[in-house]
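Please read the following account alongside the sequence and the coordinates.

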Amino acid sequence: MHSDDNTQPNKVPKQIEKLIACPECDLLMVADKLSRKQQINCKRCGSLLNIYRNNMVTYSLSLVLTALILFIPASFLTILRIDILGHTQEASVWDSVLGLYHSGMATISVLVLMCGLAIPLVKLLCQLYVLLAIYFNKAKHSAIFYFKIYQELKEWGMLEIYLLGILVSIVKLHGMAELHIGMGLACFIMLLFVQVWLEVIMSPLQTWTLLGKINDHSKSAR
Amino acid sequence: MTTVRALDRGIILCHVCHLQTSIHDENTPCPRCKTRLHARKPQSITKTWLLLITAAILYIPANLLPIMTVNYLGMATPSTIMEGVITFINLGDWFVGGVVFTASILVPSMKLIGMFILLIYVQYGRLLPPKTCTIMFRLIEWIGRWSMLDIFVIAIMVALVNFGNLSTIEADWGALAFGSVVIITMFAAMSFDPRLIWDHIESNEGNK
């Protein structure tokens with residue numbers, strides 16, 4: 001893994017590697033004094049500058065795979081079932097998108113589809129690709145492309161908010177009908193848990209450093 | 001302790017991958033991730049102002065129009081965001097009422113006001129200590145997405161309560177306006193460069 005660091009262009013002065021700039025307040029600090037620690041925070045505004053984790057790639061890979069396995073049941077199995085006067089109705093995450101679409105609110109259904117389903121899935125697939133690329137030490141350029149997409153989408157995956165939405169809906173409907181919780185909800189909670197765990201483990205700056213070090217001999221990897 | 005900006009020493013950071021490069025590389029693609037390099041996000045203040053004003057205008061229909069309509073035994077009852085909160089509180093459910101109130105009313109209002117304060121701060125300065133502003137910005141950035149709560153509640157309710165003539169729930173135009181406010185304010189927070197908060201201090205006081 002320790003190939004030549006070809007991420008630093010020649011134009012940049014050598015001492016730049018000993019310095020570290022805060023992305024949130026632009027304070028310039030000496031990296032030597034900071035880098036012995038596992039975690040680096042800005043001295044002025046406190047933002048997290050870098051964090052190093054051992055076995056980050058294999059650890060994250062196992063979490064990504066777990067999350068992807070949970071994704072299908074979490075999206076398509078019943079989350080809630082409701083009984084009113086002998087009528088029964090079930091809903092999964094996917095049904096909540098379809099329901100909005102059929103009630104004439106296509107724009108909002110697209111919003112729910114994106115934030116509740118599509119973006120979390122695309123994020124996981126991007127993470128999988130990036131981690132595999134680092135693991136096998138190839139496909140540098142496409143991995144960088146997919147990690148950029150992941151970073152762009154980071155804010156837009158909203159599984160945790162969706163879960164809160166489910167809880168509020170349960171309280172809202174609790175009084176007026178008999179509610180049953182489905183297997184989908186258990187899978188959804190597990191998916192959320194694994195995804196948050198993954199987000200904590202897969203440090204973006206460590207990933208960028210590893211991406212920069214991929215020794216990609218075949219230019220046609222893209 | 002002297003505080004030196006990276007920019008003053010000719011060092012700039014890539015917006016996306018945070019690679020440190022020289023100021024001479026500005027406007028060229030980042031050597032690592034190929035994103036165009038800039039010392040600060042270009043047009044940050046103008047873009048944030050435009051997005052924020054758009055969100056503030058949409059905030060009016062978002063609160064005045066009904067977000068969903070409950071049809072029960074042929075009777076249609078539309079309700080706005082605030083009416084939804086009041087329903088919870090009338091039912092004695094203070095906790096859930098509080099959560100929905102925070103996510104749907106408090107957070108978007110605070111976000112709009114907070115971003116206005118930050119923008120005025122970076123343009124005219126000295127309202128609050130810079131550290132307070134940075135913390136405020138982080139809070140705004142982190143909490144903004146939670147306003148999507150109501151949209152998801154509507155989505156689940158629409159799918160679940162669908163019993164033909166007996167009872168249905170439908171989304172209404174307020175939900176569209178509200179969803180747009182959430183998204184546009186998220187874009188506004190993303191286009192704001194928090195380093196501008198500290199730049200202002202630097203130009204006023206110099207080194208401490």
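The domain bounds used here come from an automatic or database domain assignment. On that basis, chain A of this predicted model is divided into domain 1, residues 19-51, and domain 2, residues 55-221. The C-alpha centres of these two domains of chain A lie 31 Å apart. Chain B is likewise assigned a domain 1, covering residues 1-39, and a domain 2, covering residues 41-206. In chain B the C-alpha centres of the two domains are 33 Å apart.

What joins the two domains of chain B? Domain 1 of chain B contributes six residues to the contact, and domain 2 of chain B contributes six residues. Between them, about 540 Å² is buried, and carbon and sulfur atoms give 47% of this area. One salt bridge is found across the interface of domain 1 and domain 2 of chain B. A salt bridge also links the side chains of B:Arg5 and B:Asp199, with an N to O distance of 2.7 Å. One residue pair in polar contact, with both residues at pLDDT 80 or more, is found across the interface of these two domains of chain B.

Attention may now turn to the sheets, beginning with chain A. Three strands of chain A form an open sheet in the order E6-E5-E7, and their pairing is antiparallel. E6 and strand E7 (178-181) of chain A each have a single partner strand, so one side of each is left without a neighbour in the sheet. On average, neighbouring strands of this sheet are turned by 20° against each other, direction ignored. Four bridges connect E5(A) with E7(A) in the antiparallel sense. Within this pairing, A:Arg81 has A:His180 in E7(A) as its bridge partner. Helix H5(A) lies across E5 and E7 of chain A and runs at about 155° to E7(A).

Chain B also contains an open sheet of three strands, in the order E4-E3-E5, with antiparallel pairing. Its edge strands are E4 (75-79) and E5 (167-171) of chain B, each of which pairs on one side only. Strand E3 (residues 68-72) of chain B runs antiparallel to E5(B) and is joined to it by five bridges. B:Tyr72 has B:Ser167 as its bridge partner in E5(B). Helix H5 (residues 149-160) of chain B packs on the sheet and touches E3 and E5 of chain B, its direction making about 150° with that of E5(B).

The remaining subject is the contact between the chains. Chain A supplies 66 residues to this contact and chain B supplies 65 residues. Together the chains bury about 6200 Å², with 73% of it on carbon and sulfur atoms. On the side of chain A, A:Asp26, A:Arg44 and A:Trp156 lose the most area to chain B, together 11% of what that side buries. Three salt bridges are found across the interface of chain A and chain B. A:Glu24 and B:Arg138 meet through their side chains in a salt bridge of 2.9 Å, N to O. The interface of chain A and chain B also has 15 residue pairs in polar contact, both residues of each being at pLDDT 80 or more. The elements that give two or more residues to the side of chain A touching chain B include strand E1 (19-21), strand E5 (80-84), helix H3 (106-136) and helix H5 (159-174) of chain A. Which element gives the most to the side of chain A that touches chain B? H5(A) does, with eleven residues.

Terms used
Residues numbered from 1 in each chain as written. Chains lettered and ligands numbered in written order. Predicted model: local features only at pLDDT ≥ 70, side-chain atom pairs only at ≥ 80, totals over all residues. Heavy atoms only, no water. Pairing = 2+ DSSP bridges. Contact = heavy atoms within 4.5 Å. Axes fitted to C-alpha atoms, helices over the stretch in contact; angles between N-to-C directions. Buried area = accessible area lost by both parts, 1.4 Å probe. Salt bridge = Lys/Arg side-chain N within 4 Å of Asp/Glu carboxyl O. Polar contact = N/O pair within 3.5 Å; in protein donor to acceptor, adjacent residues only side chain to side chain.
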